[in-house]
Amino acid sequence: MIKDIAIEAKNLTVGYGDYVLLKNADYQVNKGDIFIIMGGSGCGKSSMLRVLTGLIEPLKGTVIINGTDITKASEEEVQKIREKSGILYQSGALFSSMTLAENIMLPLQQYSDYSLSTIRELAELKLALVGLKGFGDFYPSEISGGMKKRAGLARALAMDPDIVYFDEPSAGLDPISSRNLDDLILELNHSLGTTIVVVTHELSSIFAIGNNSIFLDAQSKSILARGNPNDLLKNPPNEEVYKFLTRGGEK
Amino acid sequence: MQKKMQNVIDVEKVESNRLKIIISGDVLRQNIDTPFAVLQESLTSDIKKVDFIAENLEAWDSSLVLFIYDTRRLCQEKNVALNMQHLPQNLQDLIGLAFAVDRNPSRGSEKFSTIEEIGKKTLELKQKTADVLNFIGNVLSGIGRCLRFNSIMRKIDFFAALEDCGPKAIGIVCLISFLIGLILAFVGAVQLQTFGAQIYVASLVTIGMCRIMGAIMVGVIMSGRTGSSYAATIGTMQVNEELDALQTMGLSRIDFLVLPRLFALMIAMPILTMISDFLGMMGGAFVGVFLMDIPYQEYWNYAFKAFRLNNFLVGLFHSFCFAIIISLCGCYSGLKCEKNADGVGKATTKSVVCAIVWMIVVTGIITVICQELGI
């Protein structure tokens, strides 16, 4: 079955100046996938995310998002893609001077024609969707780390994005909060059909939510494996992937 | 552009006690205010059931989710049965998710009466005063440790702070002091010229700069430049939990962060004030010699005659006191910074405002003391 492609990376080389993290990577993310970018520390996972979100340019190659090559697109075209993308950063990256509702209202006020009352209600709805109903007038400093991530996710969902990127969503969360966030990602993916790209090395999350993945390797600066993480665990293509997925060979 | 409302969300009364909400086509970036107002109007007390019909629904976004969410809340309020069976399953799941509240917000936001508020503020003020005194006490004991060579203050931090508040600040101090001397001379000249006494511009500028203006200007510059930087640096360390790390390692924040900055500023500011005094006099000379045609030699003769060592030393004493105020205000604001970006901004502002206010207060106190002592 041919699926629609949300993201396509062709011959992608990622790095900073002369320092190359990843060479000639090719991969595709289908629409509606929960796509995991995994690998050990320093393999270029977060840099890959920065390339996909247009924060840095690749050293070489192309990134096509919903049919637009962002490496060659004009600023306006990139802006349009950004409007239809949401990002959840490790810390939530909420603006500390604004309430949670104001954080969510910000992109809606900027990019939609909704009335202020509708925008306010939409912010409330997004907070309700992530389990933070009634927390709209709280400031980020008044809530816990897990709640900040949920609020960050609510902001990422504000513009009904086609693609949501997650940078280490489980980092700093207790197992229950981490599991709850995984469940939330699955529910939102199921209900909204949003394509989800997750950068993580949290094994429990990888197996719980991922249905497609790539494994980046710092030594060879390449993609060592690709496919459903659970399939990769059953049939690891090489030693590195096996060690990573089994915490160094743990049974 | 928002789409027109026709045939996207329609509210129809099907029976005397039943409403039907028909959703069709693409519901994208839809203005839901109008259909919701129609629904509110139609939802009279005799209505017992509302059905969603979405057979021809195609694409949808949050605007439809919000409409259904608001409808469900309205129906709950009015005890009306809502049938969502005909909505797509994922839309039903999403609404279910929005209503699945797993916790209730509680902030402990008690309301206080005015008297209670005054009492609360007074207690806060008492706590803040105690904090400040505690901080000053800690700094004094840190200085004591330093004098006994028992402090963990690193020399490299001290020299880095000294370089930052000394040589790197000379440029801006010179420029501002020269301009202040120039302005003083201009303002004085206008008045003195009416008496034919413009030569006394030299005395005015010399006394003004050496006694107080040099120190004040350096104080203002350094509180904006260095004091704020102390607050921002230490505040950011607070945000990054570096201060917590220091504490858990058993290292004194005072020795490690405050003392190098305090000592550096205590050394640098009197030197900068001397430079400022001289540059201010140069500014005055520029106006006197080039614009008021006072002979160069004569201007400096009057300037040196007006120069008094006690004025100069009072100026240096001011700058020494200002150095303590600026460094303590900057470091204290940084140490008390909230753990977020907004907190760093507030700490920076607070450090500058506090330093300037306390500089003025201390100037007043020193002036009164000097007056009483006849200095």
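Author: The radius of gyration is taken over C-alpha atoms, and the rule for a globule is 2.2 Å times the number of residues to the power 0.38. The model discussed here is predicted.

Reader: What makes the radius of gyration of chain A agree with a compact globule?

Author: For 251 residues the rule gives a value near 18 Å, and chain A has 18 Å, so the two agree. Along its principal axes, the C-alpha trace of chain A spans about 55 × 45 × 40 Å. Buried residues account for 46% of the 251 residues in the chain. Among contacts in chain A between residues at least 6 apart in sequence, 64% join residues at least 24 apart.

Reader: Why is Thr206(B) called buried?

Author: The term needs 20 or more other C-beta atoms within 10 Å. Thr206(B) has 27 within that distance, and is therefore buried. Thr206(B) belongs to helix H7 of chain B, residues 201–239. Leaving out residues up to four places away in sequence, Thr206(B) touches Met281(B), Ala303(B), Ala306(B) and Phe307(B).

Reader: How far apart are Thr206(B) and Asp277(B) in sequence and in space?

Author: They are separated by 71 residues in sequence and by 7.7 Å in space, C-alpha to C-alpha.

Reader: What makes E6 and E10 of chain A edge strands?

Author: The sheet is open, with 6 strands in the order E6-E7-E8-E3-E9-E10 and mixed pairing. Strand E6 (85–88) and strand E10 (222–226) each pair on one side only, and these are the edge strands. On average, neighbouring strands of this sheet are turned by 20 degrees against each other, direction ignored.

Reader: How do you know that E6(A) pairs with E7(A)?

Author: Pairing requires at least two bridges, so a count settles the matter. Between E6(A) and E7(A) there are 4 bridges, and the strands run parallel. Within this pair, Gly86(A) stands opposite Val164(A) of E7(A).

Reader: And how many bridges join E3 to E9 in chain A?

Author: Strand E3 (residues 34–39) and strand E9 (residues 212–217) are joined by 5 bridges and run parallel. Ile36(A) has Ser213(A) as its bridge partner in E9(A).

Reader: What makes both faces of E6(A) count as covered?

Author: Ser85(A) and Ile87(A) on one side are buried, as are Gly86(A) and Leu88(A) on the other. Helix H5 (residues 145–156) of chain A lies across E6 and strand E7 (163–167), running at about 170 degrees to E6(A).

Reader: Which domains does the assignment give for chain A?

Author: Domain 1 is 1–84 + 163–251 and domain 2 is 92–160. Their C-alpha centres lie 25 Å apart. The contact takes 9 residues from domain 1 and 8 residues from domain 2. On the domain 1 side, H6(A) gives the most, with 3 residues. By class, that side has 5 nonpolar, 2 polar and 2 charged residues.

Reader: How many residues of chain A are in contact with chain B?

Author: There are 24 residues of chain A in contact with 26 residues of chain B; a contact here requires C-beta atoms within 7 Å. Helix H4 (116–129) and helix H6 (175–192) of chain A are the elements that give two or more residues to the chain A side. H4(A) gives the most to that side, with 6 residues. By class, the chain A side has 8 nonpolar, 10 polar and 6 charged residues.

Conventions. Residues are numbered from 1 along each chain as its sequence is written. Chains are lettered from A and ligands numbered from 1 in the order in which they are written. This is a predicted model: local features need pLDDT of at least 70, side-chain atom pairs count only at pLDDT 80 or more; totals for chains, interfaces and linings use all residues. Two residues are in contact if their C-beta atoms, placed from the backbone, lie within 7 Å. Ala, Val, Leu, Ile, Met, Phe, Trp, Tyr, Cys and Pro count as nonpolar, Asp, Glu, Lys and Arg as charged, and the others, Gly among them, as polar. Axes are lines fitted to C-alpha atoms, for helices over the stretch in contact, and angles run from 0 to 180 degrees between N-to-C directions. Domain bounds come from an automatic or database domain assignment. A residue is buried if 20 or more other C-beta atoms lie within 10 Å of its own, exposed if 12 or fewer, and partly exposed in between; C-beta atoms are placed from the backbone.
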